[in-house]
Amino acid sequence: MIIGSPGSGKSTYSQAISQRLTYPIFHLDYYWHQSDYSEAARLQLNRQQNKFMQEHDHCIIDGNYSSTMPDRMKQADLIIWLQVSRMTAIKRVIQRSLRQKWWHQSRIDMAENFSEHFDREYWQFLKFVWDYPKRNNQLIKANYQKYAANKALVILKNKSEKEQFLQDLMKLAKS
């Protein structure tokens, strides 16, 4: 499983791993943004995620969604936590929003019907991204201790660490 703040590079890194290991990816954002964002939708997202994990011996789950995290952590062989600075995360979120809104560049990890709106909700999302380390890091740590303390946890903070881990992962997969 790959977790981290919005804009940390989860989907891009998931793609890089998937291309090398040929593992299928379940992008949580893709399914969540097709929903009505209700409590029933949260439960459905968790069911879809669990079904995907049951159907694939090896796979990548890309995304956060704390309500679905315990099930993922229990099933994961490896948890990759991408940690970037808040400024990097905000910059990346704004860049991808502009690419989607003005240049109509779609994202493989996002529902086709999703459209950026630079409205109050968007600014609230940017605030969520900015506050993510303060609000979510403790939750992730607690979930890890409760559900996956015996599982491998890799924290990657920059491009060189990501590239080095990808090379190490490839060596491990070949052995």
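The second largest pocket has a volume of about 560 Å³. Of the 23 residues in its lining, M1, Y23, C59, D77 and L78 are the closest to the pocket centre. The model is predicted, and side-chain atom pairs are counted only at pLDDT 80 or more.

**Lining of the second largest pocket**

- Two or more lining residues come from each of α1 (10-21), α3 (39-55), β3 (60-62), α4 (69-75), β4 (78-82) and α7 (159-174).
- Helix α7 gives the largest share of this lining, with 4 residues.
- Sorted by class, the lining of the second largest pocket contains 16 nonpolar, 4 polar and 3 charged residues.

**Nonpolar cores**

- The largest nonpolar core is made of 15 residues, and the ones with the most contacts inside it are I2, Y13, I17, I80, L82, L156 and F165.
- At least two residues of this core are supplied by each of α1, β4, β5 (152-156) and α7.
- L156, one of the residues with the most contacts inside the largest core, touches Y13, I80, W81, L82, Q83, E161, K162 and F165 when residues up to four places away in sequence are not counted.

**Salt bridges**

- The structure holds 2 salt bridges.
- One of them joins the side chains of K51 and E55, with an N to O distance of 2.7 Å.
- Both K51 and E55 belong to helix α3, where they sit 4 residues apart, about one turn of the helix.
- K127 forms a salt bridge with D131, and their closest N and O atoms are 2.6 Å apart.
- K127 and D131 are both in helix α6 (residues 120-147), also at a spacing of 4 residues, about one turn of the helix.
- D131 counts as buried because its relative accessibility is 8%, and the cut-off for buried is under 20%.

**Residue I3**

- I3 is located in strand β1 (residues 2-4).
- The relative accessible area of I3 is 0%, so I3 is buried.
- Apart from neighbours within four places in sequence, I3 is in contact with K10, G63, N64, M69, R72, M73, I79, I80, W81, L82 and I140.
- I3 and I140 are 137 residues apart along the chain, while their C-alpha atoms are separated by 9.0 Å.

**Residue S11**

- S11 lies in helix α1.
- With a relative accessible area of 16%, S11 is buried, given that the limit is under 20%.
- Once neighbours within four places in sequence are set aside, the contacts of S11 are H27, D62 and D109.

**Residue K157**

- K157 is in the loop between β5 and α7.
- Not counting residues up to four places away in sequence, K157 touches Q83 and V84.
- From K157 to S115 the C-alpha to C-alpha distance is 29 Å, and the two are 42 residues apart in sequence.

Terms used
Residues are numbered from 1 along each chain as its sequence is written. This is a predicted model: local features need pLDDT of at least 70, side-chain atom pairs count only at pLDDT 80 or more; totals for chains, interfaces and linings use all residues. Side-chain values use heavy atoms; hydrogens and water are left out. On a 1 Å grid over the protein atoms alone, a cavity is a set of points where a 1.4 Å probe fits but cannot get out, and a pocket is an open set with protein on both sides within 12 Å along at least five of seven lines; lining residues have an atom within 4 Å of a point. Grid points are joined across faces, edges and corners, and a volume is the space filled by probe spheres set on the points. Ala, Val, Leu, Ile, Met, Phe, Trp, Tyr, Cys and Pro count as nonpolar, Asp, Glu, Lys and Arg as charged, and the others, Gly among them, as polar. A nonpolar core is a set of buried Ala, Val, Leu, Ile, Met, Phe, Trp, Tyr and Cys residues joined through side-chain atoms within 4.5 Å. Buried means under 20% relative accessible area, exposed over 50%, partly exposed in between (1.4 Å probe, protein chains only). Contact means heavy atoms within 4.5 Å. A salt bridge is a side-chain nitrogen of Lys or Arg within 4 Å of a carboxyl oxygen of Asp or Glu.
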